[in-house]
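Please read this briefing alongside the sequence and the model.

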Amino acid sequence: MGKPDKYFAHISAIVETEDIGNNTRIWGFSHIMEDVVIGENCNIGEHCFIESGVRIGNDVIIKNGISIWNGVIIEDGVFLGPHIVLTNDLNPRSGYPRPLSKTKIEKGSSIGAGSVILSDLTIGRHCLIGAGSVVTKSVKSHSLVYGNPATFKKWVCVCGNVLDRRYLKCTCGKKYKLQGEDLVET
Amino acid sequence: MGKPDKYFAHISAIVETEDIGNNTRIWGFSHIMEDVVIGENCNIGEHCFIESGVRIGNDVIIKNGISIWNGVIIEDGVFLGPHIVLTNDLNPRSGYPRPLSKTKIEKGSSIGAGSVILSDLTIGRHCLIGAGSVVTKSVKSHSLVYGNPATFKKWVCVCGNVLDRRYLKCTCGKKYKLQGEDLVET
Amino acid sequence: MGKPDKYFAHISAIVETEDIGNNTRIWGFSHIMEDVVIGENCNIGEHCFIESGVRIGNDVIIKNGISIWNGVIIEDGVFLGPHIVLTNDLNPRSGYPRPLSKTKIEKGSSIGAGSVILSDLTIGRHCLIGAGSVVTKSVKSHSLVYGNPATFKKWVCVCGNVLDRRYLKCTCGKKYKLQGEDLVET
């Protein structure tokens, strides 16, 4: 259990990896297993669990009460809202083990509080998953989705604001266009 | 970390405020930060987190696994069911901090297990939020709401029983009337 | 707090019963109260709470973040997905205590991640509750249900695979038939 000066871990946290970047903070009653890699400037809330094999990028915010299982990939700048639920098994059964399925959460996406994310799917870049959603399939980059099951509602900017539907412009100044079914910055 | 005789904290809890009322109990692996005020006769379950700035009334029941963020106000006699999820940010984004939004839960309301409560809203007095709800907007006093998103279903009494729809009478003896769109006791 | 050689408890767990079967494992920051009985070959994840009075069978998998209340019965071979929410009070109100209601989860059933299970109900044998469901009433054996509220979708095998709708045969070789409204193995 290494606690170099470069990152902070609360006295009640259990940290079994040393692959943690500068300026990352890990809060109370959280447990980071061995063979976990966490980037710089991350914030990992209380009562979290990160399983061996997980890779987490830089500038990631992980709020309280989240378990991150082997098979889940968290890219840079992701926000995981409080008490979201991740999975790595689409058809769990005691006594019938199956291969793990994967979940990828791409750069800059935010997942709203209490959402449940099924596995064998990708949440694209800069998405916004509304609080309390159940995400059952992959989500295209820049989508705002919500509901149970979560469905597409609107496009969102890198900054998180909803885009004007006709002009695909953000109040922050960024502009986008549709390329086939995908939204791209212009 | 004060633990005066007047209230009880489990040996595994971390309590960093002294503003806790008589006869309040705080259970295992919970963390109460400094600058939190908690009233009398409250029960705070296991694996809870209460952030600096939070104010909690008297006779409040907080079941297990709940994070209460700065910006959330909990009045007297509230019941927070197990693993409900509270929020204080309507549009979270790593690297794009925004002003906190507020959530107020008024006197005597109950929030059913596993519900998700968005912010910038008020849950009125003596409401009942059904288990597994996603509450996206303010709820009038004495409402029973549920679903994702939660919608109005019926009126409920102070005691928690559903009111007879026509006569607005409770089996406990209390009587109500509509005043505009609000239910008031007569 | 007994920790016989026959089962394993993580150093950060609190275990107050000795009625735990061989080869059961209890992980970090979990709390098992006195007067709990747990069978053999169970796995109880991190940040769990098991209340006095609970009975858990053999070969049960309990993932992270789950509170199991007095009034909940867990039979052999059950899988409780991460962060599911159980209840024992249909109409909670601070200051208005009511009799506990019961929840029974029968042999071999799986409950998907983040689901909320109301009380005064039974989940039959070998069911599959999809992730993010809100279960409001009893579920017949071998049912796949999901949604908020959860409704019947398909029949599933003991092994967890969905059955061919017309022939009620599983790819694992097992065959079933309908007997009235119930599915039985032939």
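Between chain B and chain C of this predicted model, the count of salt bridges is zero, where a salt bridge is a side-chain nitrogen of Lys or Arg within 4 Å of a carboxyl oxygen of Asp or Glu. Across that interface there are, however, 15 residue pairs in polar contact, both residues being at pLDDT 80 or more. A polar contact is a pair of N or O atoms within 3.5 Å; within protein, one must be able to donate a hydrogen and the other to accept it, and residues adjacent in sequence count only if both atoms are side-chain atoms.

**The interface of chain B and chain C**

- By class, the side of chain B that touches chain C has 13 nonpolar, 16 polar and three charged residues; Ala, Val, Leu, Ile, Met, Phe, Trp, Tyr, Cys and Pro count as nonpolar, Asp, Glu, Lys and Arg as charged, and the others, Gly among them, as polar.
- Chain B gives 32 residues to the contact and chain C gives 24 residues, contact meaning heavy atoms within 4.5 Å.
- The two chains bury about 2,000 Å² between them, with 57% of it on carbon and sulfur atoms; buried area is the accessible area (1.4 Å probe) that two parts lose on being put together, summed over both.
- In chain B, the residues that lose the most area to chain C are B:Phe29, B:His47 and B:His83, which together make up 24% of what that side buries.

- The copies use different surfaces, since 12% of the contact residues of chain B recur in chain C.

**Backbone**

- Most residues other than glycine have a negative phi, and most peptide bonds are trans.
- B:His83 has a positive phi, near 65°.
- A cis peptide bond joins A:Asn148 and A:Pro149, with omega about 0°, and another cis bond joins C:Asn148 and C:Pro149.

**Confidence and conventions**

- The predictor gives the complex an ipTM of 0.95 and a pTM of 0.96.
- Residues are numbered from 1 along each chain as its sequence is written, while chains are lettered from A and ligands numbered from 1 in the order in which they are written.
- Local features need pLDDT of at least 70, side-chain atom pairs count only at pLDDT 80 or more, and totals for chains, interfaces and linings use all residues, while side-chain values use heavy atoms, with hydrogens and water left out.
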